[in-house]
Amino acid sequence: MKRQKTGLESSFSFFDLLCEEIVFSILDFLDENPLDKKSFSLVCKSFYAIESRHRKTLKPLRSEHLTKILNRYSSVTILDLSLCPRITDVSLNVISSSCKEMLRSINLSRSKIFSHVGLSNLVMNCANLVEIDLSNATELKDLAASAIAEAKNLERLWLVRCKSITDIGIGCIAVGCKKLRLLSLKWCLGVGDLGVDLIAVKCIDIRSLDLSYLPITNKSLQSILKLQHLEDLVLEGCFRIDDDSLAAIKQGCKSLETLDMSSCPNVSHVGLSSLTIGTGSLRQLILSYGSPVTPALADSLQKLSVLQCIKLDGCQVTCSALMAIGNHCVSLRELSLSKCLGVKDEALSFLVTKHKDLRKLDITCCRKITHASIAQITNSCTSLTSLKMESCTLVSGEAFVLIGQRCQFLEELDLTDNEIDDEGLKSISRCSDLSSLKLGLCLNVTDEGLILIGSRCSKLKELDLYRSAGVTDSGILAIARGCPGLEMINIAYCKEITDNSLISLSKCPKLNTLESRGCPLVTSLGLAAIAVGCKRLMKLDIKKCHNIDDTWMIPFAHFSQNLRQINLSYTSVTDVGLLSLASVSCLQSMTIVHLKGLTARGLEAALLACGGLTKVKLQSSFRSLLPKALFEHLEARGCVFQWRDKMLQAELDPKCWKLQLTDME
């Protein structure tokens, strides 16, 4: 007969001997997996209370639960509502009355329903707010800006795409929020020189300023450059800024470290020289999709002695300009030439010989470079940690062997759409720090190469094998066994993949993204294994996996409680399977096109039951079959519908598909 515990024995816990600060320190080590803290809180009432007091950051999925959540977590200082599309004034009132002075940061970037009334209440009650993100609130007007101006301690403010706010509203913010250090006005089309000038005059502690796509001229630019603490300035897409206006600038900003003038086609080396006068601290310069890069522009960079990063993506580049950059930019650590026209072997080879300390290089779609460039890059830049060279189609297979032999510190490698083969992968497997490897459209890669990667690159977190037709279960098994920290894998259209691959991947507990569309041999058995083993799964794409049906949906819905996005198009899932997703409370995005077993009634029931949906892609034929009241109800909940009118198409062989893509270019 078991001895009954006395009252003293049953209530005693060794945790009671620890002070709360020590328990909090223990909980800090559980940040990697959110499920760990949940398990801790379910042990007993004491742990439940401790976890509630310890949590400082919340990211809820639904606004209707805010009252209950905030009552439990009374010590929250950071509230991220970016997953809640329906935040109303009532919601903001609940937050302000619950959090009060504790709240320091709030993210409202996905909701458009609240007004200046709710914002005013929030700001008045939460006097210690230092960070507010109101991006995408396109309906907010100057009244909302005047409400924000009452946040006297505000340091960081995002107003991206708040297109209805004008200079008047920005003026209110400038006068009221004098402690601002970061301000983003990207796509605030109603803001011009007057508003920006007021920011520059009143908010003298600004460190970071994003004015992308604003209709500003040199009038406000002169005031901005007088800011003594400005470090990051983004002028992307400011089309009214040109060489003539920049010529009027008498001095640059001495504290500036990052300057982004991408998509400013009217600014050449003349204007850039004026803008960078005296900017001796500039470390990063972004000129992507701008005017042609000439030797004169490269010469204008000569005085920027500490410049470490240059991004010229999408620009027309001359060989002489690249050589000039090689000569002048002596401190370069990062160079991006993605989609640059005019990059050739001679200039690129010369440039890298001058910059042997280069850490990151992007030569994506530089289609004129060959083996010679790769040989010189790997010979000179042996400390590279990131190399992106998608679609460098003239580079021969032998060149990839050099990458592994000479650049063994690589952490990120993008070889999409190249001629790499297993010999190249054998060499690259020497890069033991590799965390991201992209091999999409690499038709010469087989299991032999992947087995070596799996056995030697144990830190791999991201692997892209999109349409790499030579890959089978053996290669995926090696990756799953050798890379336990794998978080993302794309095996789309690898048609030899079967359930065995998915069963292997189910042993990777950190897997959060699985893209397996177009794998006809995958069935519900493999998906069930993924559901049980990969509880962190957030994104699943099984489009065109025709053998997947309802049998996997019940275990999947039970175990995959973190799922946010799913694509079920062209599968054999029916009304029953779709309805089972209602138990996945985190689900927000669903794509369901061409489901043969789906009826209008079943779809209606599933849409109503999945209360957290924010985006649904549907076959356009359902639009007339579903009641109008249903759409009105779901849209009121914050759900957006996207309609597709696609015909069923036969799948192409990967090699034919690649040839078609080449012809289109």
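## Briefing: cysteines, cores and ring contacts

The structure holds zero disulfides, a disulfide being a pair of cysteine sulfur atoms within 2.5 Å. Cys 442 is in no disulfide, and its nearest cysteine sulfur, that of Cys 494, is 11 Å away. Please keep in mind that this is a predicted model, where local features need pLDDT of at least 70, side-chain atom pairs count only at pLDDT 80 or more, and totals for chains, interfaces and linings use all residues. Residues are numbered from 1 along each chain as its sequence is written, and side-chain values use heavy atoms, with hydrogens and water left out.

**Cysteines**

- Cys 442 is buried, at a relative accessible area of 0%; buried means under 20% relative accessible area, exposed over 50%, and partly exposed in between (1.4 Å probe, protein chains only).
- Cys 545 is also counted as buried, at 0% relative accessibility.
- The closest cysteine sulfur to that of Cys 545 belongs to Cys 519, and at 5.2 Å it is too far for a bond.

**Nonpolar cores**

- In soluble globular proteins, nonpolar side chains tend to be buried together.
- The largest nonpolar core here has 191 residues, of which Ile 95, Leu 159, Leu 235, Trp 552 and Leu 581 touch the most other members; such a core is a set of buried Ala, Val, Leu, Ile, Met, Phe, Trp, Tyr and Cys residues joined through side-chain atoms within 4.5 Å.
- Beyond its neighbours within four places in sequence, Leu 581 is in contact with Met 553, Phe 556, Ile 566, Leu 568, Leu 587, Met 590 and Cys 610, where contact means heavy atoms within 4.5 Å.
- A second, separate core has six residues, including Val 23, Phe 24, Phe 40 and Phe 47.

**Aromatic rings and charges**

- Seven aromatic pairs turn up in a search of the whole structure. Rings of Phe, Tyr and Trp (its six-membered ring) pair if their centres lie within 6.5 Å, and planes under 30 degrees apart count as stacked, over 60 as edge-to-face and the rest as tilted.
- Phe 40 and Phe 47 make a stacked pair, because their ring centres are 4.3 Å apart and their planes are at 5 degrees.
- Both partners are buried: Phe 40 has 11% relative accessibility, and Phe 47 has a relative accessible area of 8%.
- Phe 641 and Trp 643 are stacked too, at 6.0 Å centre to centre with 15 degrees between the planes.
- Arg 72 lies over the face of Tyr 48, 3.9 Å from the ring centre; a charge sits over a ring if NZ of Lys or CZ of Arg is within 6 Å of the ring centre and within 35 degrees of the ring normal.
- Arg 467 places its charged end over the ring of Tyr 493, at 4.0 Å from the centre.

**Helices and their packing**

- Helix H6 (residues 89–99) has Ser 91, Leu 92, Val 94, Ile 95, Ser 96 and Cys 99 as its buried residues. Helices (H or I, at least four residues) and strands (E, at least two) are DSSP runs, numbered from the N terminus.
- These buried residues of H6 pack against helix H5 (66–72), strand S2 (78–80), strand S3 (105–107) and helix H7 (116–125).
- Lys 100 follows H6 and has a positive phi, near 50 degrees.
- In helix H15 (residues 319–328), the buried residues are Ala 321, Leu 322, Ala 324, Ile 325, Gly 326 and His 328; they pack against helix H14 (295–300), strand S11 (309–311) and helix H16 (345–354).
- Glu 346 is in helix H16 and is exposed, with a relative accessible area of 58%.
- The C-alpha atoms of Glu 346 and Ser 373 are separated by 7.7 Å, while the two residues are 27 apart along the chain.

**Two buried loop serines**

- Ser 391 lies in the loop between strand S14 (386–388) and helix H18 (399–406), and is buried at a relative accessible area of 4%.
- Ser 212 is found in the loop between strand S7 (208–210) and helix H11 (218–224), and counts as buried at 1% relative accessibility.
- A polar contact of 2.6 Å joins the Ser 212 side chain to that of Asp 210.

Technical notes:
Polar contact = N/O pair within 3.5 Å; in protein donor to acceptor, adjacent residues only side chain to side chain.
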